[in-house]
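This report describes one protein chain for a reader who is new to structural terms. Please examine the sequence and the structure before reading on.

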Amino acid sequence: MPDFTEPHSASAHEFYAIETVSEITGTPRHTIAVYCRHGIISPVGEPDEDGWIFDDDAILRLRHVEQLRLQYGMNLAGLRAMTTLMNELEDLRREIRFLRGS
């Protein structure tokens, strides 16, 4: 099974349209849109104004979410709970780095 947490190959682009994200990750556009609507991943900017545009962080998060869904059969509620916990963990890591002065 592919490891979805690995960064994709280097690219000159910083932002990607939903079609490109779909190609890079192998995730259908509809699934990406569902994840966005449930707050599991977030596009850059406002989709109604700018379209569905994503950055590298969103691609990494999408790969991780897909790995959780495929390997562990997590549903949307589970993916959203896991995403919330991952965000809290990352916030704590940043706070620890700040307190340590690094």
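## A negative surface patch

At 48% relative accessibility, E46 is partly exposed, a label for values between buried (under 20% relative accessible area) and exposed (over 50%), found with a 1.4 Å probe and protein chains only. E46 lies in the loop between α2 (29-37) and α3 (47-50). Together with D48, E49 and D50, E46 forms a negative surface patch. Such a patch is made of residues with over 30% relative accessible area and no salt bridge, like charges being joined within 9 Å.

The model is predicted: local features need pLDDT of at least 70 and side-chain atom pairs count only at pLDDT 80 or more, while totals for chains, interfaces and linings use all residues. Residues are numbered from 1 along each chain as its sequence is written, and side-chain values use heavy atoms, with hydrogens and water left out.

## Overall architecture

The protein chain has five helices and two strands, in the order β-α-α-α-β-α-α along the sequence. Helices (H or I, at least four residues) and strands (E, at least two) are DSSP runs, numbered from the N terminus.

Buried residues make up 27% of the 102 residues in the protein chain. Of the contacts (heavy atoms within 4.5 Å) between residues at least 6 apart in sequence, 60% join residues at least 24 apart.

In α2, residues T31, I32, A33, V34, Y35 and C36 are buried. Their cover includes α1 (18-25), β2 (53-55), α4 (56-72) and α5 (76-100). Just after α2, G39 takes a positive phi of about 75°.

## Salt bridges

The structure holds five salt bridges, each defined as a side-chain nitrogen of Lys or Arg within 4 Å of a carboxyl oxygen of Asp or Glu. One of them joins R29 and E19, with the closest N and O atoms 3.2 Å apart. Because R29 lies in helix α2 and E19 in helix α1, the pair ties together parts that are 10 residues apart in sequence. R29 is partly exposed at 45%, and E19 is partly exposed at 38%.

R69 forms a salt bridge with E66, the closest N and O atoms being 2.8 Å apart. These residues are three apart in helix α4, so about one helical turn separates R69 and E66. R69 is partly exposed at 32% relative accessibility, whereas E66 is buried at 5%. In helix α5, E90 and R93 are also separated by about one helical turn. Salt bridges that share partners join E90, R93 and R97 into one network.

How values were computed. Patches are made of residues with over 30% relative accessible area and no salt bridge: like charges are joined within 9 Å, nonpolar side chains (Val, Leu, Ile, Met, Phe, Trp, Tyr) within 5 Å. Accessible areas come from the Shrake-Rupley method with a 1.4 Å probe; for residues, only the protein chains shown count as cover. Lys and Arg count as positive and Asp and Glu as negative; His and the chain ends are not counted. The place of a charge is taken as NZ of Lys, CZ of Arg, CG of Asp or CD of Glu.
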